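Hi everyone, thanks for coming. I'd like to walk you through a structure that's new to the group.

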Amino acid sequence: MALTREDALRLDAQDPLAPFRDRFVIEDEHKLYLDGNSLGRLPKGTRERLHRVIDQWGSELVGGWHDWIEAPTRAGDTVAEVIGAAPGTTLVADSVTVNLFKLVNAILDAQSYAKLATDQDNFPTDRYVLEGIARARGLELEIFEVDPLLGPQPADVPEDALTVLSHVAYRSGALADISAFPESVIWDLSHSAGAVPVNASAMRYAVGCTYKYLNAGPGATGYLYVREPDTLVTPIQGWFGQARQFEMERPYEPAPGITRFLAGTPPILVLAAVEEGVRITAEAGIDALREKSIAQTDLLIALHDQWLDPLGFTLGTPREPHLRGSHVSLRHPEAWPICKALIERADVIPDFRGPDSVRLGIAPLYTRYVDVYDAIDRLRDLVERGVHREVDQTVSRVT
Ligand SMILES: Cc1ncc(COP(=O)(O)O)c(C=O)c1O
């Protein structure tokens, strides 16, 4: 039986997470924002918290550091809660790119590996970081092919290689089963943390971002997880990672615990936003978020089958819920003009991911079932009417 808008409204009425939507700034109800997997929405609490931190700066001046000094580990412990890691193992600092650079070098300084490895479909920055480190250290980098729909499998991981993989593939949304891979893999959790439970007990190392499902804002710092942080030393030896930081005459000695991965002065305003964004996710509970995300991606896929399949779309994401994360890629030869038409003519915000994917992200904290229904309905309508052929097809700088 065909799905109807009433079905979607009924699911929203039964949704236990529905009240969380009110905690976010939503200025335009007609705009369907399905891009929380690139940049999450602004939590109302973040706006208030940032004002408080700015006021604290104004009134306490340098004295504020007594509170701010703990911000990277305090935010890290909140991220740890969301990824199922122990307190003291996770640090919020720097971008994902820089964290990966620090982590790979720190591991190579402590352990011997014959080569580095990642998969061809991994996010570009992960590949670029590994290329640079391989060049600098004279190591081989193996970039192996994977099934683009299913992502990397345990058998693909080369022996003797320090391997970096994404938990959820940025294009297809394929979800890896961390516990089936060697513990030594470095996981990029950017597309999973906040939407998918992470089995931190099965991994030793991870990095990830906070601006997608964790709603920390544009350019917010990422995080780094090391199960046993005292076994590694960061390659960027800065004074914030120094034991007894304010005894300045002493030679460098790494601080105990995950703090040693800090380099320079952390961005305090950003960290306040990270704490707020991540706290909402922790409050909602990752299992409840995952349940809703599966139901909503199921709905999206069912609507694809109902309407889009006959219009030349194919599903670029695994159908089985346990094999996918929280975004769905709809493949079409005219994906770029379709994305532009969605934004300009239909008020639906997707991502375009080349060569041919319209990527739609479900952020279960605030996406409604009816948003999914309406977005696919508008997509169907514009492709049926050929509206995507009327838009300017110049590729823009950000897609
Ligand atoms: C999977 C993945 N890894 C890494 C990054 C890049 O992170 P950053 O820009 O914080 O270095 C992104 C950005 O979208 C990403 O999706």
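I'll talk about the domains, then some strands, then the ligand.

Quick housekeeping: this is a predicted model, where local features need pLDDT of at least 70, side-chain atom pairs count only at pLDDT 80 or more, and totals for chains, interfaces and linings use all residues. Residues are numbered from 1 along each chain as its sequence is written.

So, domains. There's domain 1 (5-42 + 285-389) and domain 2 (46-284), with bounds from an automatic or database domain assignment. Their C-alpha centres lie 28 Å apart.

Now strand β7, residues 205-208. Strands here are DSSP runs of E, at least two residues, and helices are runs of H or I, at least four, both numbered from the N terminus. With β6 (residues 186-188), β7 pairs in the parallel sense over three bridges; pairing takes at least two DSSP bridges. D188 has V207 as its bridge partner. On to β8 (residues 223-226): β7 and β8 run antiparallel, joined by four bridges, and Y205 partners V226.

Is β7 buried or exposed? Y205 and V207 on one side, A206 and G208 on the other, are all buried, meaning 20 or more other C-beta atoms, placed from the backbone, lie within 10 Å of a residue's own.

Last, the ligand. Of the 13 residues around the ligand, S95, V96, T97, F123 and S190 come nearest; a residue is near if its C-beta atom, placed from the backbone, lies within 6 Å. Helices α5 (96-110) and α6 (124-137) each give two or more residues to that shell.

How values were computed:
Buried ≥ 20, exposed ≤ 12 C-beta atoms within 10 Å, placed from the backbone.
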